[in-house]
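Welcome! Take a moment to look over the sequence and the 3D picture, and then let us walk through two spots together.

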Amino acid sequence: MSGETLSPPPDVAPAPVQPRRSGSLRGAGPMRRGDAPAGLGFAEVPTTQDGGADTMRPGALRGAARGRNLDGLAHTLFLRLAPVIAVLVLLTQVVIAWVNYGDQIRLSGERAQMMADMTARALAQPGWTTSFGPQLQALGLDPSVRFATLRDASGTVIGRLGEEPRGRSLERIQVSSEIEAGPEAQPAGSLTLVLSAEGLRAHAEKQFVMVLGASAVLILAFALSLRLAVARHVLAPLTRLLTAMGRVERKDWVTVDLAGSRRPSREIAEISAAFNRMVEGLRSGDEARHLLAELERTHARLAEANGLVMESLGYARRIQQAVLPGQAALEGGPLDVAVLWEPLHVVGGDYFWVEEIDGGGTAGLSVLVVADCTGHGVPGAFLTLIVATALDRILHDQGLRRPDAILAALDGVVRARLRQHAGNSDLSDDGLDCGICVVDRAAGTLDFAGAGLALTVLSGDGVARIKGRRHGLGYRLTGREETLSAVTVPLGDDRTFFLMTDGISDQMGGTSRRLLGHRGVAEILERHANQPLAEQVAALDAALAAHRGAEARRDDMTLVAFRPKGD
Amino acid sequence: MDRIQIPATSRSPLVDFDFAAGHLILRGESYPEDAAAFYGPLLHALRGCLEEGGGALTFDVALSYFNSSSAKALMNLFMPLEDAAEEGRAVTIRWHYAEGDDTIAEAGEDFAADFSHARFEMVQETAA
């Protein structure tokens with residue numbers, strides 16, 4: 001029995017499952033002082049009743065985690081096991097007492113028989129029928145002897161001691177002994193002795209009461225030790241587990257301590273270990289979620305910052321486009337002009353200008369300028385503004401009309417603006433490549449001067465390229481600059497002229513993954529030579545994109561195509 | 001002078017300036033957002049190396065694309081080399097270009113025109 005009480009885990013561990021089968025465990029226990037209604041016990045932990053959705057409802061575990069409802073378990077175990085144990089103990093003891101009682105009865109019977117035999121032997125003397133008095137009286141010394149009769153051979157009572165008892169035969173032991181006939185004056189007879197069994201019965205009753213008491217003590221001891229063991233190894237660990245669950249529910253990642261004096265039973269230890277593993281998993285999942293959320297916030301901030309920058313760039317592009325010639329200026333003149341202007345990053349360092357200008361003679365001149373400032377994006381765009389302002393002053397204030405003179409003036413202005421004097425080595429080393437065409441329709445000529453930028457001429461003979469001076473405008477002087485010079489070419493009737501920045505020909509791509517180059521551009525131009533100018537330019541743009549394929553563009557690109565308008 | 005080794009990125013070339021061995025390499029593409037910031041330290045180191053003096057110097061340039069800022073920076077690297085060659089140092093610049101890449105070949109020829117003392121070799125690389 002003690003083995004049972006001290007090893008509750010194997011027996012009691014399945015008990016928490018029982019409430020699911022029926023409500024009997026909950027209902028079985030009477031209310032005790034301090035008990036919550038048993039219905040709030042284990043079965044009330046919302047695992048099955050409300051369906052999975054509510055399983056982790058906030059606060060659902062808190063009531064159960066307070067622990068007092070767990071008293072129901074020990075209580076229920078006691079109520080279930082105690083009657084069984086009590087009945088078993090009682091039955092065992094009653095059987096033992098019954099056997100004991102029977103033995104006592106038998107022993108008393110044997111003793112009574114011996115006493116009767118001894119008395120009968122003592123009486124067996126001549127003339128005993130008259131002298132039996134002292135022997136019979138001697139029997140009365142035994143307090144359990146109630147009644148004795150002495151009969152002769154004919155069965156006639158010749159002497160008696162005490163009253164013949166009445167009542168149940170169970171409470172008395174009756175024995176008899178024959179008195180043998182002797183040689184002379186010694187007739188046969190018999191002695192009947194009746195003893196009381198009341199003492200034995202009283203003894204058995206006392207034993208029964210003692211057994212009852214012992215059983216009660218045993219059951220009490222069992223209950224106490226069961227309660228202690230369950231409380232220590234089952235209820236306390238479960239309470240810790242439930243408390244931890246409640247905290248985990250609020251995203252407080254605690255684990256359960258598996259050591260200590262209140263060490264859980266093996267099954268609960270395994271559940272607790274599984275719970276700890278789950279908490280670790282949840283914690284790392286939660287951390288990952290936090291990191292993801294942080295990443296999303298960062299991404300949102302970056303997107304916002306990028307949005308601001310792009311918005312600002314969009315505005316800058318409107319300003320930069322306003323500095324470039326409008327559609328009317330491109331279409332209104334005596335030249336057919338088509339333009340491709342595509343900065344790499346919304347705004348860029350490429351600039352072009354097209355203007356009909358008074359040449360001082362009978363007819364006007366057409367000035368066409370393409371400039372490629374160092375850098376692209378915002379820094380390039382700053383430089384284009386310097387160039388635009390400088391060009392306006394050179395053309396209108398200074399009235400320069402020769403392209404090489406215009407380039408030289410631009411060179412001076414840019415170098416002055418960026419303070420690129422000799423000896424000022426810490427400052428800017430920026431500048432631009434530039435090509436300028438001045439078309440005199442009346443004379444049928446085109447003057448070209450370039451600094452790092454070439455003029456491409458497409459005619460029936462193919463594509464020709466007139467390179468400019470090797471060095472750009474601006475930059476710190478290296479002492480190796482070529483002098484600027486202009487060339488004059490006839491305008492012709494079938495000629496188309498192109499001023500383009502190196503972004504047009506520097507297109508990385510193709511199967512061999514290298515730059516398209518001037519030759520590649522020339523081939524594309526030749527393929528579309530017979531198309532209207534705008535379509536030629538659009539076709540070139542598409543062909544460049546096809547050459548790039550997946551490669552990104554490397555630079556801003558600008559192309560100004562022009563030819564005399566047909567009559 | 002310490003060796004300078006910088007791995008290539010999508011926008012900047014591989015740099016291996018082994019001054020002790022007298023061998024400098026630039027390989028890849030060059031269009032950094034700020035070319036001055038990328039090439040400034042290289043130019044500074046090159047000048048330091050040339051001031052120390054030493055033996056023959058070979059500079060392999062194998063760029064498949066470079067923007068105008070990088071072209072300017074290359075020019076700045078070439079000028080002290082040409083000056084050193086003028087002072088008697090054996091300097092060789094090997095300009096590598098892919099077969100059929102006129103743009104790079106032409107750029108090499110343009111650079112070559114600036115050298116009169118240093119050797120400037122055009123090296124055509126055939127596609128593997």
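## A serine and its neighbours

In this predicted model, A:Ser272 touches A:Pro237, A:Leu241, A:Val256, A:Leu258 and A:Pro264, leaving aside residues up to four places away in sequence. You can find A:Ser272 in helix 9 of chain A, which spans residues 266-323.

Is A:Ser272 buried or exposed? A:Ser272 counts as buried because 20 other C-beta atoms lie within 10 Å, and the cut-off for a buried residue is 20 or more.

## The sheet in chain B

Now turn to chain B. Here six strands form an open sheet in the order 1-2-3-4-5-6, and their pairing is mixed. Strand 1 (4-6) and strand 6 (119-125) of chain B are the edge strands, each pairing on one side only. From one strand to the next, the twist averages 15°.

Look inside the sheet as well: strand 3 (residues 23-30) and strand 4 (residues 57-66) of chain B run parallel and are joined by eight bridges. B:Ile25 stands opposite B:Asp60, which belongs to strand 4 of chain B.

| Helix of chain B | Strands of chain B involved | Angle to strand 5 of chain B |
|---|---|---|
| Helix 2 (residues 68-86) | lies across strand 3, strand 4 and strand 5 (91-98) | about 150° |
| Helix 3 (residues 102-112) | packs on the sheet, touching strand 4, strand 5 and strand 6 | about 160° |

Technical notes. Residues are numbered from 1 along each chain as its sequence is written. Chains are lettered from A and ligands numbered from 1 in the order in which they are written. This is a predicted model: local features need pLDDT of at least 70, side-chain atom pairs count only at pLDDT 80 or more; totals for chains, interfaces and linings use all residues. Helices (H or I, at least four residues) and strands (E, at least two) are DSSP runs, numbered from the N terminus. A residue is buried if 20 or more other C-beta atoms lie within 10 Å of its own, exposed if 12 or fewer, and partly exposed in between; C-beta atoms are placed from the backbone. Two residues are in contact if their C-beta atoms, placed from the backbone, lie within 7 Å. Two strands pair if DSSP finds at least two bridges between them. Axes are lines fitted to C-alpha atoms, for helices over the stretch in contact, and angles run from 0 to 180 degrees between N-to-C directions.
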